[in-house]
Amino acid sequence: MGVDIQVEHLNAWFGKTRAVQDITLKMSANHATAIIGPSGCGKSTFVRCINRMHETVPEARVSGQIRIGDLNVYNGTSATQVRRRIGMVFQKPNPFPTMSIYDNVAAGLKLNGFRDRRQLDEIVERSLTMAALWHEVKDALRKQSGASLSGGQQQRLCIARALAVEPQVLLMDEPCSALDPISTSKIEELIFQLKQRYTIVIVTHNMQQASRVAEYTGFFLLGNLIEFDKTEKIFTNPSDKRTEDYITGRFG
Amino acid sequence: MSRAMTLKASQADLSVSLWRRAIDLLATFAAGSAVVLVLLPLGAVFGYLVYKGIGSLNWAFLSQTPKPVGEAGGGMANAIAGSALILGIASVIGVPVGIGAGVYLAEYGRNRLGDLIRFTADVLNGVPSIVIGIVAYGIVVLRQRHFSALAGGVALAIMMIPTITRATEEMVLLVPTAVREAAYGLGVSRWRTTISITLRTAMSGVITGVMLAFARVAGETAPLLFTAFGNTYWNWNMNQPTAALPLQIFVYAISPFDEWHRQAWAGALVLIVLIVVSVSAVRLVAGRGMLKGSS
Ligand SMILES: Nc1ncnc2c1ncn2[C@@H]1O[C@H](COP(=O)(O)OP(=O)(O)OP(=O)(O)O)[C@@H](O)[C@H]1O
Ligand SMILES: [Mg+2]
């Protein structure tokens, strides 16, 4: 089941520049929250703070609090522990290039010491099915490398890989930006189904996409959260002038 | 108006395309000649070795130990085995150390210690092989009080390490950050990611580096002169003086006997063939696990 994500006074730095400034918001369980805003406003940085990926960048730093259910992300736990609970899908598909399709999906479990082959088979099939990729790859699972798939298939493979470890939260950073409309709509459908089990955070440049898949939307500008509300409200009747300017295409 | 102009335009097109084809032809020719120029020395060396060596190459040469001076026949079987032993020892020491150091440099080496290791490796790469032989003499032979295959293996390992280290570092650095992040995102720890994801992704390049280092030291003579020393008999004990193909070739080549000269040529041919065969075998085995579509 999904869990709430509670963010309090989150700041993130790259060296001396602060890319995310004092963000406080709550993303609720079993819903999708969209993060929108112009390029460079800190959306990716914000999302990468949630699973402590930000700190892998040299010189990067974080302050503030994030709670995922009862887990305090930045206090009393390790980054690997946090990341096992949170799946992440990146903007550019990044399958493990030397691994087969099967091994890509099983990687998270295998590398963390899971060995039961029968169960692995089941999990791989289930994850690929959830990611709407099973039928396209089931005959080439062990023969073909993850890198040999098309871009859209690779992205769904990455989603399957994230789902295989059964996270509680799924972070998606512009998962469709490199995809054609058909793959995009497949992934959107997928998000719709995944919501029943996960808490989803999705960064997107596509406002239609935000309004199609997300119940809540946050608008970022220059590292600040300008407005956070029901998606419908943000797109029809925003309370901040800057949000309105952005969604009507007056800047950004 | 239009007719004359289109005519002119198409004439211009034609001359452009002729010009392009000429350039294309020229470039193809230049590249082709470069290939020939590269292959020529290689072919010449190999052809000459075959020409000089094939005559003395027979089953006895591959299965017998050297005969005393004056007696005809005999072979270099013990030297072939000795080379295998010394190279085995060198690889067992040099490959893990080299790969380990390379991975360290690429993943954790952005500091003073990393710079120091890089500098050391580059200097070591430029040290004459005879000097490395002296070092191995100092650290192994003097301690054991006699020459040994182990000492030869250590000398060759020291020569392999810098090549493998820098090749591994380069190959690991080529692995995109996105691949590492994918592993981190699954909750895989940093060291596990380094070994099971990053190094694995870079593996085919790393193997190429290892084979390059292997082929380079396989023909080394100088570092073996006062380490492995040579032996006219069979030896499988790594603590005893051991024959090696390059040593045997060297000794036979500077001898005053025609029979030994011919055997030296045969030995050189065998050495080259063995290097080519072992490098190809490793590539074949490493390539077999390769999947469709992986690079
Ligand atoms: N590795 C880095 N080192 C230094 N600064 C960085 C780094 N990555 C991002 N930044 C800076 O942090 C700010 C926020 O970047 P971020 O990637 O979060 O933007 P974004 O909203 O995701 O943009 P986009 O929509 O283009 O993906 C930008 O000003 C960027 O220049
Ligand atoms: Mg981004």
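## Close-up views of the predicted model

**View 1. Lining of the largest cavity.** The largest cavity is lined by residues of two chains: Gly87(A), Met88(A), Phe90(A), Cys158(A), Arg161(A) and Ala162(A), joined by Ala182(B), Gly185(B) and Leu186(B). As in every view here, the structure shown is a predicted model. Two or more lining residues come from each of β6 (86-89) and α6 (151-164) of chain A and from α7 of chain B. Helix α6(A) makes the largest contribution to this lining, with three residues. By class, the lining of the largest cavity has six nonpolar residues, two polar and one charged. The volume of the largest cavity is about 50 Å³. In total, the structure has three cavities of 30 Å³ or more.

**View 2. The largest pocket.** Of the lining of the largest pocket, α7(B) provides the largest share, four residues. The lining of the largest pocket divides into eight charged, seven nonpolar and five polar residues.

**View 3. The shell around ligand 1.** Residues of chain A surround ligand 1, including the run Ser39(A), Gly40(A), Cys41(A), Gly42(A), Lys43(A), Ser44(A) and Thr45(A). Phe14(A), Ala19(A), Val57(A), Glu174(A) and His205(A) also belong to the surroundings of ligand 1. Helix α1 (residues 43-50) of chain A gives the most to this shell, three residues. The shell around ligand 1 holds six polar, four nonpolar and two charged residues.

**View 4. Polar contacts of ligand 1.** Thr45(A) has a polar side-chain atom 2.5 Å from an oxygen atom of ligand 1. An N or O atom in the side chain of Lys43(A) is 2.7 Å from an oxygen atom of the ligand 1 molecule. At Gly42(A) the backbone takes part, with a polar atom 3.0 Å from an oxygen atom of ligand 1. Ligand 1 taken alone exposes 630 Å², of which the protein buries 58%.

**View 5. The open sheet of chain A.** Four strands of chain A form an open sheet in the order β2-β1-β4-β5, and the pairing is antiparallel. Strands β2 (17-27) and β5 (71-72) of chain A are at the edges with a single partner strand each, so one side of each has no neighbour in the sheet. Within the sheet, strand β1 (residues 5-14) of chain A runs antiparallel to strand β4 (residues 60-68) of chain A, and eight bridges join them. Across this pair, Trp13(A) stands opposite Arg61(A) in β4(A). Strands of a sheet pair through backbone hydrogen bonds, in either a parallel or an antiparallel arrangement.

**View 6. The β9-β10 hairpin of chain A.** Strand β9 (residues 216-221) of chain A is joined to strand β10 (residues 224-230) of chain A by six bridges, and the two run antiparallel. Gly218(A) has Phe228(A) in β10(A) opposite it. Two residues lie between the strands of this hairpin, and Leu222(A) takes a positive phi near 50° there.

Key
Residues numbered from 1 in each chain as written. Chains lettered and ligands numbered in written order. Predicted model: local features only at pLDDT ≥ 70, side-chain atom pairs only at ≥ 80, totals over all residues. Heavy atoms only, no water. Near = heavy atom within 4 Å. Polar contact = N/O pair within 3.5 Å; in protein donor to acceptor, adjacent residues only side chain to side chain. Areas by Shrake-Rupley, 256 points an atom, 1.4 Å probe, with all protein chains shown as cover. Nonpolar A, V, L, I, M, F, W, Y, C, P; charged D, E, K, R; others polar. Pairing = 2+ DSSP bridges. 1 Å grid on protein atoms, 1.4 Å probe; cavity = no way out; pocket = protein on both sides within 12 Å on 5 of 7 lines; lining within 4 Å. Points joined across faces, edges and corners; volume = space filled by probe spheres on them.
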